[in-house]
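Keep the 3D view open and take the points one at a time.

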Amino acid sequence: MNEERRSRSSEAFFGRRKGPPLQGRKQRVIDELLPQLLIDLSPPAPESLAGLFSKPVDGIFLEIGFGGGEHLAGQAEAHPETGFIGVEPFINGMAKMLAKIEDGNLGNVYLYDDDATQLLDWLPENSLSRVDLLYPDPWPKKRHWKRRFVNEENIERFARVLKNGGEFRFASDIAHYVEWTV
């Protein structure tokens, strides 16, 4: 990952992007596998996201902030007929997910390693069957609520990219954030 990509600014990302230095396999999958699976936002989005995948897919799901990839990898393995796009700017979490993709030989996953709002703006209208936002940072202090990922602008983004009948799945263990989201 070159320094230019790691230093870019973003509209809504406030967390850290890097933890302890990567070594061994984790660094190898970042260097070798991530470039093969990374969605490039520089060209316009394809009319159909299904074209990204080597096999036909019957729907495309997006998971924002997949952490170490446990849920995303499990879903991709359980639903090989579905295409998955995962977003995680934290490089150590990305390395864990890439190892899961390699171990499970998951051919139905693409990744994005920056601010999810950039990807949402790039995606074509009515292109996703589901968006998962699981346990996002709740920013519990009132003065930080503006940093929450669930906000009016992002809800409009979800509405634009979700197909009719598509699902937005949200989970949090912070009751106030659940109320805020509802």
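## Notes on the model

1. Let us begin with a loop: asparagine 126 sits between α6 and β4. Please bear in mind that this is a predicted model. The phi of asparagine 126 is near 50°, a positive value in a residue other than glycine. That is worth a look, since most residues other than glycine have a negative phi. Asparagine 126 is partly exposed, with a relative accessible area of 43%.

2. Serine 127 belongs to that loop between α6 (116–122) and β4 too. Is serine 127 buried or exposed? Its relative accessibility is 9%, so serine 127 counts as buried. Leaving aside residues up to four places away in sequence, serine 127 touches Leu49, Ile60, Val161 and Lys163.

3. Asparagine 105 is not a glycine, yet has a positive phi of about 50°. With a relative accessible area of 68%, asparagine 105 is exposed.

4. Now for the sheet. In what order do the strands of the open sheet come? There are five strands, with parallel pairing, in the order β3-β2-β1-β4-β5. The edges are taken by β3 (109–112) and β5 (162–171), each with a single partner strand, so one side of each has no neighbour in the sheet. From one strand to the next, the twist averages 15°.

5. Strand β1 (residues 60–64) deserves a point of its own. Five of its five residues are buried, so β1 is largely enclosed by the rest of the structure. You can see Ile60, Leu62 and Ile64 pointing one way from β1, while Phe61 and Glu63 point the other way. Glu63 is among these buried residues.

6. Next, the pairings of β1. Five bridges join β1 to strand β2 (residues 83–87), and these two run parallel. Within this pair, isoleucine 60 stands opposite glycine 83 in β2. With strand β4 (residues 128–134), β1 pairs in the parallel sense over four bridges; here leucine 62 stands opposite valine 131 in β4.

7. Moving on to β2 and β3, these strands run parallel and are joined by four bridges. Glycine 86 has leucine 111 of β3 as its bridge partner.

8. Helix α4 (residues 70–78) makes a right-handed β-α-β unit together with β1 and β2. Helix α7 (residues 152–161) lies across β1, β4 and β5, and runs at about 140° to β5.

9. Finally, a pair of helices. Two packed helices are described by the angle between their axes and the distance between the axes. Helix α2 (residues 24–32) and helix α5 (residues 91–104) pack at an angle of about 85°, with axes 9 Å apart. Angles of 65 to 115 degrees count as roughly perpendicular, and α2 and α5 are therefore roughly perpendicular to each other. On the α2 side, the contact is made by Arg25, Lys26, Arg28, Val29 and Ile30. On the α5 side, the residues are Ile91, Met94, Ala95, Lys96, Leu98, Ala99, Glu102 and Asp103. How does this contact divide by class? It has seven nonpolar and six charged residues, with no polar ones.

How values were computed
Residues numbered from 1 in each chain as written. Predicted model: local features only at pLDDT ≥ 70, side-chain atom pairs only at ≥ 80, totals over all residues. Heavy atoms only, no water. Axes fitted to C-alpha atoms, helices over the stretch in contact; angles between N-to-C directions. Parallel < 35°, antiparallel > 145°, perpendicular 65-115°, else oblique. Contact = heavy atoms within 4.5 Å. Nonpolar A, V, L, I, M, F, W, Y, C, P; charged D, E, K, R; others polar. Buried < 20%, exposed > 50% of the residue type's maximum accessible area, 1.4 Å probe, protein only. Pairing = 2+ DSSP bridges. Right-handed = clockwise from strand over helix to strand, strands pointing away.
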